Amino acid sequence: MISIDAQRLLGRIRELGAVGRDGEGRLIRLAASDTDKQGRDLFVAWLRRAGLDVAIDRIGNIFGIWQVADNAGKAPLLIGSHIDTVIDAGIYDGCYGVLSGLEVIERLKASGLVPSRPIAVAAFTNEEGVGFSPDMMGSLVHAGGVDVEAALAAVGTDGSTLGQELARIGYAGDREPGFFKPHIYVELHIEQGPVLEREGIPIGAVETLQGISWQRITLDGVANHAGTTPMSMRCDAGYAAARVVTFLHDRATASNSPTVATVGTMRLEPNAINVIPSRAVFTVDLRDPDEQRLRAEEAALAAFLQQLAAEGVTVTVERLARFEPVVFDGKVVELIEAAAKKRGLVSRRMTSGAGHDAQMIARIAPAAMIFVPSAGGISHSPHEHTGDAELVAGANILLDVVTELAELEGRRNG
């Protein structure tokens with residue numbers, strides 16, 4: 001049984017994790033930024049050093065493709081994730097899956113395996129969605145879920161346009177998104193949650209992924225003097241927004257379902273200590289692995305907003321993103337479980353609470369995910385951590401799964 005080069009993988013994770021630090025030491029590689037370019041340049045250099053063909057599409061997705069004369073033109077076995085980050089990020093989210101994918105290909109090349117179809121590693125653009133919406137954009141465009149022109153026209157939080165920024169940093173590629181349809185897609189990722197660590201299980205075989213509903217809600221009331229306006233005569237947008245937050249929290253907490261609800265951003269206007277807010281603008285993130293329950297939560301929120309409107313607040317709702325729950329390919333999930341067992345590792349089937357590129361690629365190809373534990377369940381934070389042994393174990397499971405898929409259709413030299 002072959003294994004990955006642990007020193008090479010761990011070294012690359014740390015080297016990439018040092019790219020994009022600001023003056024305060026925070027890791028910030030937002031999609032299409034100057035620091036994203038630095039991370040991309042390093043990754044592409046590694047791809048070329050590994051002897052892979054490098055392809056970049058118009059949305060900036062990067063593919064390192066291992067193909068030989070006998071398998072050129074066939075649908076590739078695809079592995080990967082993303083290397084863009086949130087603000088003040090950890091070093092593992094996304095990057096671990098991309099660099100493990102590269103390591104797997106390098107190790108298989110060295111082993112003498114000649115697969116009957118290409119094997120490719122992908123780094124998808126703008127998975128995090130911090131500067132540009134929607135998140136998971138590159139994989140969504142690759143899967144045909146959003147038109148590439150619309151995605152390139154996306155305006156960021158700083159007023160920039162994604163297409164112009166990709167061109168500025170040199171990653172507006174010439175390939176059309178979706179220029180190949182994967183045969184199978186496998187993504188390795190840190191869990192970003194507490195389940196595996198809490199249960200002492202090293203490998204998660206991800207069989208489902210939660211549906212996601214993002215909305216931006218604007219509540220308009222009436223600004224007035226904070227001292228002279230009686231409570232009974234107010235149309236307070238801030239208070240109405242607070243009621244929505246409480247409604248969502250109480251409803252999700254009281255439910256026996258895995259539904260989660262989050263108000264992640266909020267802005268009040270005019271934002272003065274002595275003025276009743278005339279406007280509240282906030283976001284709502286609803287998630288559930290069951291589509292019917294997710295629709296029920298959306299309907300409950302809509303009904304509560306109608307109640308606020310009947311009480312005098314003007315309500316405007318903007319849909320930011322909506323993704324249905326995903327059920328991953330059962331056969332690939334079984335391969336992950338079998339690979340863990342062969343390595344003497346315990347695994348468990350689980351649901352991902354976070355969105356991933358795999359949920360987009362699952363629209364066009366069989367897909368599944370492998371999870372490794374996250375210390376304290378922490379992610380999107382500089383305190384994000386997974387132990388070296390756990391990282392290596394997950395990468396070896398990815399290696400074994402890809403080897404199994406490749407050997408089912410390939411042969412070895414000699």
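A: Asn126 is placed in the loop between E5 and H4; helices (H or I, at least four residues) and strands (E, at least two) are DSSP runs, numbered from the N terminus. The model is predicted, so local features need pLDDT of at least 70 and side-chain atom pairs count only at pLDDT 80 or more, while totals for chains, interfaces and linings use all residues. Residues are numbered from 1 along each chain as its sequence is written, and side-chain values use heavy atoms, with hydrogens and water left out.

Asn126 has a phi near 55 degrees, a positive value in a residue other than glycine. Most residues other than glycine have a negative phi, and most peptide bonds are trans. Asn126 is buried at 1% relative accessibility, where buried means under 20% relative accessible area, exposed over 50%, and partly exposed in between (1.4 Å probe, protein chains only).

Glu128 counts as buried because its relative accessible area is 11%. Beyond four places in sequence, Glu128 touches His82, Asp84, Thr85, Val86, Asp93, Asp135 and His380 (a contact is heavy atoms within 4.5 Å).

Glu128 is listed by UniProt, in an unreviewed entry, under "binding site", together with Asp93 and His380; UniProt positions are given in the numbering used here, feature names are shortened, and annotations may be inferred rather than shown by experiment. These residues are spread over 288 residues of sequence, yet they cluster in space, with a largest C-alpha distance of 9.8 Å. The lining of the largest pocket includes Asp93, Glu128 and His380. On a 1 Å grid over the protein atoms alone, a pocket is an open set of points where a 1.4 Å probe fits, with protein on both sides within 12 Å along at least five of seven lines; a cavity is a set from which the probe cannot get out, and lining residues have an atom within 4 Å of a point.

Asp93 comes from another loop, between strand E3 (77-82) and helix H3 (95-111). It is buried, with a relative accessible area of 6%. Its contacts, apart from residues up to four places away in sequence, are His82, Glu128, His189, Ile190, Gln192, Ser379, His380 and Glu384. The side chains of Asp93 and Gln192 are joined by a polar contact of 3.2 Å, that is, a pair of N or O atoms within 3.5 Å; within protein, one must be able to donate a hydrogen and the other to accept it, and residues adjacent in sequence count only if both atoms are side-chain atoms.

His380 lies in the loop between strand E15 (367-372) and H12. Like Asn126, His380 has a positive phi of about 55 degrees although it is not a glycine. Its relative accessible area is 41%, so His380 is partly exposed, whereas Glu128 is buried. His380 is in contact with Asp93 and with Glu128.
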